[in-house]
Amino acid sequence: MRTSVSTSAEMDQDRSGKSSEVRIGHSINEAERQHVARRIKTVLHCLKQNGISCSEDEVPNIALLASGGGLRAMIALLGLVSQLKDEELLDCIMYLSGVSGSTWCMASLYKELDWSTKLETVKENIVQRLADGSVSWLKRGLKLAKYHSEKDNFTLTDVFSALIVSHMVKEIDEHKVSEQRSNYTNEPYPIYSVIDKQCKHDGLNADVWIEITPDESGYSLTGAFVDSSYLGKQFENGKKIKDQPEIDMLYLQGLCGSAFADMGQHFKLLYEALKHLITEKIGCTEESHTPQIPDVQNGYLVLLTLVELNLCVLRMEDPTVHLQTMKDLLKDKYDEAENMTVHLERLMTSEGKLPETELKNYTLSVCSSVTDMFKVWGVSDDFWFYIVRSIEKIVQWIWGTTYNYLYKMEAHDVNPSVLTSEKRDYMDTGLLLNINYFSVLRKERDINLIISLDCNCLTPFKSVVRTAELCQELKIPFPEVVAPPESTEPQDFYVFRGYSKAPTVVHIPLFNAVNCKGEVLEWMKKYHTFRLDYSHSEITDLMEKAGVNIKNNKEKLLKVIGDIIEEKKVK
């Protein structure tokens, strides 16, 4: 038998015998097992088309992994997958797993039923959307309002998803990951990836990896899963005690891709987005000629000025003008906030700099004062309350808070600290490892070959080297990795040979000495991670660069696959 399978009892009961939506166990779920069984026949046919003969038992399990890297990673994966299709190799792939920006590509592919059978059309639609699409500030604001009103755990991930990710991917995708259950029939099995923030902080390298699939989500290595449609709902002792809306694909893309920029860049993007929203809202209010209580209008301006003050500091500009505006707006209305403004102004250095901690405390204090006054004045427009909450989340830097489906459960392989917290914080896997090999290194998935596309321009071997180190620590079979010197431009195809139970890894740096021919640095600069938009020609050029890595190495890849099959025959 190729895989270890959940029994119906495992699916329906926890260890206490109670009915449960949570599954404790390392076996793969039944839906995945059935998909793999069907997919083997597809892979077998694909191999025969490429001149490789083997039996079903000898068919290799091949996983395609893609790194993070913002839109660059999204577009590169699309180009690579498209070229695999053109080379008649896509049907060899059993699993497709992504991190950060590459999950944005996966989300766009898997919302289409049987996308691989019409990939050219799907690809053209994605390219057209990225190049020419847009999402209005009104729609982004409405989406933010929806997240704020529906969820118990409103965090910066909601703000980032609604305001930034929607702009980058040029759509608000409200499909659910569980809806993809019927969409991957003829495709590789999709695995999205995040990490557990608390586990990362505590150095729990076995517990940190979270996989999200259309069927189940959970801790890859320690074996604790929940039906993906229940992820985010409130649980206690394996039982759902409070409903929450199922997370949609826009939020999932924000959750997976929240580390595409550094903290300073994030602060600017988020405050700039809030400034746009507030400005447009004030403008719409004025245009509608709706009577406004002067103090209420004053409160709107306080929030706008507060955002502008923070932006000014982030841009290292003199904040004097904004501090004076705040004093004028707050005078005789918000005594505590007014006093804090005067105090903050006194702390400003001769170079016009403000202490970071004092500015954070000041921002939170103003938010609290404005909220209290809005309630006194009977402000009924929820827009202003979720703007205040969004500012607070930026200052507090709270991402991805989610109800913990393992709260108060027994799970012997899971660290006890995970089981005792009501909530967990999920975050971008790229903050720990820019390619998540660990979801496909579950021994139950029996992976023989990993093809990893690394879109990390500056350090394209960092993730695979670090994975080898972690695998040694966790006693997980993984090949020896010898990376080339960082001073040299990477080649386009590396093979790290597997042994015994360790899979072989084919590693492909996106930009390399072959497809960029001495211009790797120039391509890195052109497609840097922090870009929010690409033109049509830039998208197609990047897809071509990614695709040529497959086109130039088809025979090498087939040789690696053939060698793995020969090794399986010997076993």
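This is a predicted model: local features need pLDDT of at least 70, side-chain atom pairs count only at pLDDT 80 or more; totals for chains, interfaces and linings use all residues.
Strand 5 has pairing partners in strands 4 and 6. With strand 4 (residues 189–196) the pairing is antiparallel and runs over four bridges; here W209 stands opposite I195. With strand 6 (residues 216–219) the pairing is also antiparallel, over three bridges, and I210 stands opposite Y219. Strands 5 and 6 are joined by a hairpin of three residues.

## Largest pocket

The volume of the largest pocket is about 820 Å³. Its lining has 28 residues, and those closest to the centre are K443, D446, P477, K501 and A502.

Helix 20 (residues 554–570) gives the largest share of this lining, three residues. By class, the lining of the largest pocket holds 12 nonpolar, seven polar and nine charged residues.

## Second largest pocket

The second largest pocket has a volume of about 540 Å³ and a lining of 24 residues. Nearest its centre lie G430, N434, N456, T459 and T529.

Helix 3 (70–86) and helix 17 (462–474) each contribute at least two lining residues to the second largest pocket. The largest share, three residues, belongs to helix 17. The lining of this pocket divides into nine nonpolar, 11 polar and four charged residues.

Definitions and conventions: Residues are numbered from 1 along each chain as its sequence is written. Side-chain values use heavy atoms; hydrogens and water are left out. Two strands pair if DSSP finds at least two bridges between them. On a 1 Å grid over the protein atoms alone, a cavity is a set of points where a 1.4 Å probe fits but cannot get out, and a pocket is an open set with protein on both sides within 12 Å along at least five of seven lines; lining residues have an atom within 4 Å of a point. Grid points are joined across faces, edges and corners, and a volume is the space filled by probe spheres set on the points. Ala, Val, Leu, Ile, Met, Phe, Trp, Tyr, Cys and Pro count as nonpolar, Asp, Glu, Lys and Arg as charged, and the others, Gly among them, as polar.
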